[in-house]
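The following note sets out numbered comments on the structure shown below. Each point takes up one topic and may be read beside the sequence.

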Amino acid sequence: MWRSYITSPVKIHSTSSHSHSSFHCSSFKDIQSLCTDDPTPLHNNNNNNNTSRKPSVFHRARIVHAFIRSLKPESESPFKREPKNETSADENNKYSLQVQQQQQPTIRIPGADQRVVVYFTSLRVVRSTFEDCKAVRSILRGFRVQLDERDLSMDSSFLNELQGILGGGGQSKLTLPRVFIGGRYIGGVEEVRQLNETGELKKFVEGLPAAERGVCNICGGYSFVLCGECDGSHKVYAEKGGGFKSCNACNENGLIRCPSCSYAPF
């Protein structure tokens, strides 16, 4: 019933042997011999009869890792840090802004020394322009100073006013937003962002009167209200003329400037 004892054909190598040219068994008995250096037979050469030993497996791994680390540049080493440059990015931006301001002619608005004037648009026809105007207004409102916001989409007279201030350039060459601080022309969105990052914008607005808290109770912060004569239609009926005519008291949108919070035109 039971099978007779048969000698297993599997050969088990003795751990006392030192001739382990390869790993034959998956047992932990050979781990000690694996960690030691493997002796190699003598090489009979004509010029050199010296004996040489092959390094162990772990020694070879250390050599490979050392070689790989030597190929890496010094900047990637975790133990070496590059020295800080004396001229930082903020200083470079500050220098470029000073050069740009020196190259641009000085443009000033008379009567706007105590506030910030922003020409922008609230229309979303051009998304990039709308986002730039929104970003500039958000930055300037963070300083809580008196802000004169002039929306070109609400009143076309602001466009003629801005063209006259900047030198009468064509409408195709005009980009928004445009910022004036203390009556002095600052620039567009790029100039405002760089000045804000370098901290120079805060110096420009220092000394300006603080803005009032809350919004206007009359216009709700829009700086415009409906015309009382035409009720926002921009049309009035003339009995003598025998028909409707354009209202002369409001703009093309049937709006007039808020008498409480809006500023006079330049």
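1. E131 forms a salt bridge with R127, and the closest N and O atoms are 4.0 Å apart. Both residues belong to helix α4 (residues 127-141), where they are four residues apart, about one turn of the helix. E131 counts as partly exposed because its relative accessibility is 32%, between the limits of 20% and 50%. R127 counts as exposed, since its relative accessibility of 63% is over 50%. The model is predicted, and this applies to every point of the note.

2. R137 pairs with E149, with the closest N and O atoms 3.2 Å apart. This pair links distant parts of the chain: R137 lies in helix α4 and E149 in strand β2 (residues 147-151), twelve residues apart. E149 has a relative accessible area of 18% and is therefore buried, the cut-off for that class being under 20%.

3. A further salt bridge is made by the side chains of D148 and R150, at 2.9 Å from N to O. Both D148 and R150 are buried. Through salt bridges that share partners, R115, D148, R150 and E161 are joined into one network. In total, the structure holds seven salt bridges.

4. R115 lies over the face of Y263, at a distance of 4.2 Å from the ring centre.

5. How many aromatic pairs are there by the ring-centre rule? The count comes to four. For Y237 and F244, the ring centres are 5.2 Å apart and the planes stand at 65 degrees, so this pair is edge-to-face; the class requires an angle over 60 degrees. Y237 and F244 are both exposed. One aromatic cluster is formed by Y119, F180 and Y185.

6. Is N251 buried or exposed? N251 is buried, because its relative accessible area is 8%, which falls under the 20% limit. N251 is placed in the loop between β7 (243-246) and β8 (255-257). Leaving aside residues up to four places away in sequence, N251 touches M154, D155, F224 and H234.

7. L71 lies in helix α2 (residues 57-71). With a relative accessibility of 60%, L71 counts as exposed, since that class begins over 50%.

8. Some values for the whole protein chain complete the note. The secondary structure comprises seven helices and eight strands. Of the 266 residues in the protein chain, 26% are buried. Among contacts between residues at least 6 apart in sequence, 61% join residues at least 24 apart. The protein chain exposes about 20100 Å², of which carbon and sulfur atoms supply 51%.

Note on methods. Residues are numbered from 1 along each chain as its sequence is written. This is a predicted model: local features need pLDDT of at least 70, side-chain atom pairs count only at pLDDT 80 or more; totals for chains, interfaces and linings use all residues. Side-chain values use heavy atoms; hydrogens and water are left out. Helices (H or I, at least four residues) and strands (E, at least two) are DSSP runs, numbered from the N terminus. Buried means under 20% relative accessible area, exposed over 50%, partly exposed in between (1.4 Å probe, protein chains only). Contact means heavy atoms within 4.5 Å. Accessible areas come from the Shrake-Rupley method with a 1.4 Å probe; for residues, only the protein chains shown count as cover. Rings of Phe, Tyr and Trp (its six-membered ring) pair if their centres lie within 6.5 Å; planes under 30 degrees apart count as stacked, over 60 as edge-to-face and the rest as tilted. A charge sits over a ring if NZ of Lys or CZ of Arg is within 6 Å of the ring centre and within 35 degrees of the ring normal.
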